[in-house]
Amino acid sequence: MNAAHPLIATIGLGLLYALICGTVAALVRLPPIVGYLAAGILLGPYTPGIVGDRATALELAELGVILLMFGVGLHFSPAELLAVRRVALPGAVVQMTTATALGAGVAHLWGWSWPAAVVFGLTLSVASTVVLLRALTERNLVSTPEGHIAVGWLVVEDIAVVIGLVILPGIAGFLGGVAVPTFALQFEVLGGAGGQFGAAVALTLGKFALFVALMVPIGRRVVPWALVMVAHLKSRELFTLAVLGMALGIAFLSAKVFGVSFALGAFFAGMVMHGSGMATRAAEQSLPFRDAFAVLFFVAVGMLFDPGVLLREPGAVAATLLIVVVGKSVAAIAIMALFRQSRAAVWTVAAALAQVGEFSLVLAEQGIALGLLPVEGRDLVIAAVLLSIALNPVAFSFGRWMAARGGRRAGAAREEGPEGQASGPATPVERS
């Protein structure tokens, strides 16, 4: 890699490798995402040939996450988010708790300390918004009830991760990791772990509440007015610049001023723009950018992956992958069935959560920086990210088959009912 042009080389080679590998994957009837991940592995430091700049690739991947979350917000109004809160909120909490407990228990059996084990479990508890959106978009499920539940579920997970990212530095010293000076002073002033933990949570929630309180009323007035004014100029370029400028600008300000993640800031920017009457046009003109940077996200993930971990720790990789693909899905199925959701919704959400992605990598990196997570934990997390993303299309296909199978069973039971052979009407979970 020419150090003088890392940005150009990373974008150019990343997209070129992704095109070649994605085409090969499609020809052999694999999802293109597998090809994008393979392109990243080829550009990574663990394979022969040209080595890409990983730091630059991760910055570009962050842009992809921002633009994708912005696109979801364009199709997701606050009313729709509130409509699924009764399922998404408890569902996300139960599923994250289950995955964290499973990951922590397995890691502790490997001999890791409990703090390291819990951080490891937490990295496995949050699904990738990028992968979810790609999967829902490809199957035209974004605007369906099950799509709304899945997106709302992940928004709750993202909020929980943001809280975790703020709390971890504050309690790292108490857990045996690296004590951050600012939080160490707070720890002394507040008189212990309980005060520090409570202050960190209160501060994070307070910042998020203030961001929402300001964003919703002000944004609903300023953003639509600005878009309409630019649209009256009848310039496609200016309108595209206005859309991208608002998405990235609000995401940046939300992160720097309120401590909210870039992704969540962009999501709320899209929700605000949803009510402007320009949402459809904004979505269409930002789509090429979203697609290109989403591809670079998968390339960046592939660049982080060390294939040697599959040979060094096959059992640990398998256990980690089972927690992500099976453990999280089972928890999601249980909570969705408890809330008597349709069979289509049950299996869609279960498949959507059977993967991990960008936030898992962020949590792993912070855990290592704070001395709470061993380096081998990151290798296992990256392996889980790569393998679960590659297997996610299979999970969706299996979920669709299960939903259709349940629908056929329910239909057969209703047909047999008049003859006295059916045991009763189908339950809500059996409806497709």
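Me: Buried means under 20% relative accessible area, exposed means over 50%, and partly exposed is in between (1.4 Å probe, protein chains only). What percentage of the 432 residues of the protein chain count as buried?

Reply: In this chain of 432 residues, 51% count as buried. The model is predicted: local features need pLDDT of at least 70 and side-chain atom pairs count only at pLDDT 80 or more, while totals for chains, interfaces and linings use all residues. Residues are numbered from 1 along each chain as its sequence is written, and side-chain values use heavy atoms, without hydrogens and water.

Me: How many helices and strands are there in the protein chain?

Reply: Helices (H or I, at least four residues) and strands (E, at least two) are DSSP runs, numbered from the N terminus. The protein chain has 18 helices and zero strands. A contact means heavy atoms within 4.5 Å; among contacts in the chain with a separation of 6 or more, 78% are between residues 24 or more positions apart.

Me: Which residues touch the most other members of the largest nonpolar core?

Reply: In soluble globular proteins, nonpolar side chains tend to be buried together. A nonpolar core is a set of buried Ala, Val, Leu, Ile, Met, Phe, Trp, Tyr and Cys residues joined through side-chain atoms within 4.5 Å. The largest has 128 residues, and Trp153, Leu227, Phe298 and Met336 touch the most other members. Another core, apart from that one, has five residues, including Leu60, Leu67, Leu244 and Leu296.

Me: How many salt bridges does the structure hold?

Reply: A salt bridge is a side-chain nitrogen of Lys or Arg within 4 Å of a carboxyl oxygen of Asp or Glu. The structure holds three. Arg378 pairs with Glu365, with the closest N and O atoms 3.1 Å apart. Arg378 lies in helix 18 (residues 375-416) and Glu365 in helix 17 (residues 358-369), so this pair ties together parts 13 residues apart in sequence. Asp306 and Arg312 form another, at 3.2 Å between the closest N and O atoms; Asp306 is buried at 15% relative accessible area, whereas Arg312 is partly exposed at 49%. Glu138 meets Arg139 at 3.8 Å, N to O.

Me: Which residues make the nonpolar surface patch of about 690 Å²?

Reply: Patches take residues with over 30% relative accessible area and no salt bridge; like charges are joined within 9 Å, nonpolar side chains (Val, Leu, Ile, Met, Phe, Trp, Tyr) within 5 Å. Areas come from the Shrake-Rupley method with a 1.4 Å probe; for residues, only the protein chains shown count as cover. Leu16, Leu19, Ile20, Val24, Leu27, Val28 and Leu30 make this patch. Leu27 lies in helix 1 (residues 6-27) and is exposed at 67%.
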